[in-house]
Amino acid sequence: MTTTITAPGLPLDPAPVAVSGHGTPGRKAVISRDDIIQAALKLVGPHRSVSTLSLREVAREAGIAPNSFYRQFRDMDELAVALIDLAGRSLRQIIGEARHRATANRSVVRSSVEAFMEQLRADDKLLHILLREGAVGSPAFKAAVERELTFFEDELRVDLIRLAQANGTGLVEPGLTAKAITRLVFAMGATAMDLPPEKDAEFTAQLEVMVRMIVVGTQTLAADTPPPAA
């Protein structure tokens, strides 16, 4: 599954900026933020973190002079944070669509876990950025990843409340439940990146069971918790 890497809300310039070196073989006459972001995405992967990229590498991949990079980004940290933000928005959209597509024969948990695993193997490498930078990135990168995880948790919390109300099941600490599921899935996803693709089906089944354990746990706790006194 391949995801378009230009996401709504990304602060791209309305028009490309002309750069020096017009007519130089191998270099573009104009450059945009999106050009630089796509160049960086080509360089990262399961075993290559954004934090290991150099400005010259990215500029060479984008086909621009290194000085032209600064027309769009202050430094490599700003580029990395833009990549993390893009990755988070893209994945939230994909997982959100999967949750809303769930049917009686295809549960929300199963649909969401499968969508996560599909994105893990996608060509755009966006999920790899979130999984790697949260563990090995700079403090600025880790803070950006933490922000994206918090967005996931907030959206999942709303869905958990909605589903509990629709199904008539209890729910204890919806925010904490959402956090437990999100942190589990991302921690396991970091492990799955290093597994061969033929292990995906087994891994997906295991991860689905783990998430269900959390959901059943919060429902059981809710059933055992007496209602508040009037």
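Predicted model: local features only at pLDDT ≥ 70, side-chain atom pairs only at ≥ 80, totals over all residues.
Helices here are DSSP runs of H or I with at least four residues, strands are E runs of at least two, and both are numbered from the N terminus. With that in hand, let's start at Gln72, which sits in the loop between helix 2 (55–62) and helix 3 (76–101). Gln72 is buried, at a relative accessible area of 6%; buried means under 20%, exposed over 50%, and partly exposed in between (1.4 Å probe, protein chains only).

Residues are numbered from 1 along each chain as its sequence is written, and side-chain values use heavy atoms, leaving out hydrogens and water.

Stepping back, the protein chain has 8 helices and 2 strands, in the order β-β-α-α-α-α-α-α-α-α along the sequence. Of its 230 residues, 43% are buried.

Now for the salt bridges, each a side-chain nitrogen of Lys or Arg within 4 Å of a carboxyl oxygen of Asp or Glu. The count comes to 11, and here are some of them:

| Pair | N to O distance |
|---|---|
| Glu148 and Arg92 | 2.6 Å |
| Glu114 and Arg110 | 2.8 Å |
| Arg183 and Glu146 | 2.8 Å |

Glu148 and Arg92 meet in a salt bridge. Glu148 lies in helix 6 and Arg92 in helix 3, so this pair ties together parts that are 56 residues apart in sequence. Glu148 is buried at 3% relative accessible area, and Arg92 counts as buried at 14%.

Glu114 and Arg110 are 4 residues apart in helix 4, which puts about one helical turn between them. Glu114 is buried at 15%, whereas Arg110 is partly exposed at 25%.

Arg183 and Glu146 also meet in a salt bridge. This pair links distant parts of the chain, with Arg183 in helix 7 and Glu146 in helix 6, 37 residues apart. Arg183 is partly exposed at 26% relative accessibility, and so is Glu146, at 36%. Elsewhere, salt bridges that share partners join Arg110, Glu114, Glu208 and Arg212 into one network.
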